[in-house]
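Hi,

Here is the structure I said I would pass on.

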Amino acid sequence: MSRVTVSPKSRLMLNRMINAFGGCLFSYLIAHMVLMDIIQQARPTPTDAAAAGQMIALASLPVLILIWFGLYARYRGAIVVITAGAVAALCALVVS
């Protein structure tokens, strides 16, 4: 009776897809947290802050995705992006 195994090539493709999904998801969440932090800080004019925050979030989203994939060591990019998310979350908690 033979064992059914996944070929290394398909396993590598699955790992890359999971990594791409995780990188895009975390980058989007961090950009969204930055946007919400900017809106929360601007009490008198939230619409102007929302416009500026959307530009900042839109500019930071591809940078975060490139950081996720661009750092060469294993998981170093993920650690940097997740740390940036933790800092954004802590800023929201500390400042409010």
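By the rule used here, rings of Phe, Tyr and Trp (its six-membered ring) pair if their centres lie within 6.5 Å, with planes under 30 degrees apart called stacked, over 60 edge-to-face and the rest tilted. F26 and W68 make up the pair, and they are stacked, at 5.8 Å centre to centre with 20° between the planes. The pair ties together distant parts of the chain, since F26 sits in helix α1 and W68 in helix α2, 42 residues apart. F26 is partly exposed, because its relative accessibility is 34%, whereas W68 counts as buried at 11%. (Buried means under 20% relative accessible area, exposed over 50%, partly exposed in between, with a 1.4 Å probe and protein chains only.)

Before going further, some housekeeping. This is a predicted model, in which local features need pLDDT of at least 70 and side-chain atom pairs count only at pLDDT 80 or more, while totals for chains, interfaces and linings use all residues. Residues are numbered from 1 along each chain as its sequence is written, and side-chain values use heavy atoms, with hydrogens and water left out.

On confidence (pLDDT is the predictor's confidence in each residue, from 0 to 100), the protein has a mean of 84, and 92% of its residues reach 70 or more. Confidence is lowest in helix α1 (residues 8-41), at a mean of 86, and highest in helix α2 (residues 46-70), at 89. Helices here are DSSP runs (H or I, at least four residues), numbered from the N terminus.

Now α1. Its 34 residues should span 50 Å at 1.5 Å a residue, and its end C-alpha atoms are 49 Å apart, so the two agree. (The expected span is 1.5 Å times one less than the number of residues.) The buried residues of α1 are G22, G23, S27, I30, A31, L35 and D37, and they pack against α2 and α3. S27 is worth a click: its relative accessible area is 0%. Leaving aside residues up to four places away in sequence, S27 touches L61, L64, I65 and V81, where contact means heavy atoms within 4.5 Å. Q41, also in α1, is partly exposed at 46% relative accessibility. From Q41 to A73 is 36 Å, C-alpha to C-alpha, for 32 residues in sequence.

As for α2, its 25 residues reach 34 Å from first C-alpha to last, close to the 36 Å expected. A49, A50, G53, A57, L64 and W68 are its buried residues, and what covers them includes α1 and α3.

How do α2 and α3 meet, and at what angle do their axes cross? The axes of α2 and helix α3 (residues 76-95) cross at roughly 145° and come within 6 Å. L64, I67 and W68 of α2 make the contact with G77, A78, V80, V81 and I82 of α3. By class, that gives seven nonpolar residues, one polar and no charged ones. (Ala, Val, Leu, Ile, Met, Phe, Trp, Tyr, Cys and Pro count as nonpolar, Asp, Glu, Lys and Arg as charged, and the others, Gly among them, as polar. Axes are lines fitted to C-alpha atoms, for helices over the stretch in contact, with angles from 0 to 180 degrees between N-to-C directions.)

Cheers

Technical notes
Helices (H or I, at least four residues) and strands (E, at least two) are DSSP runs, numbered from the N terminus.
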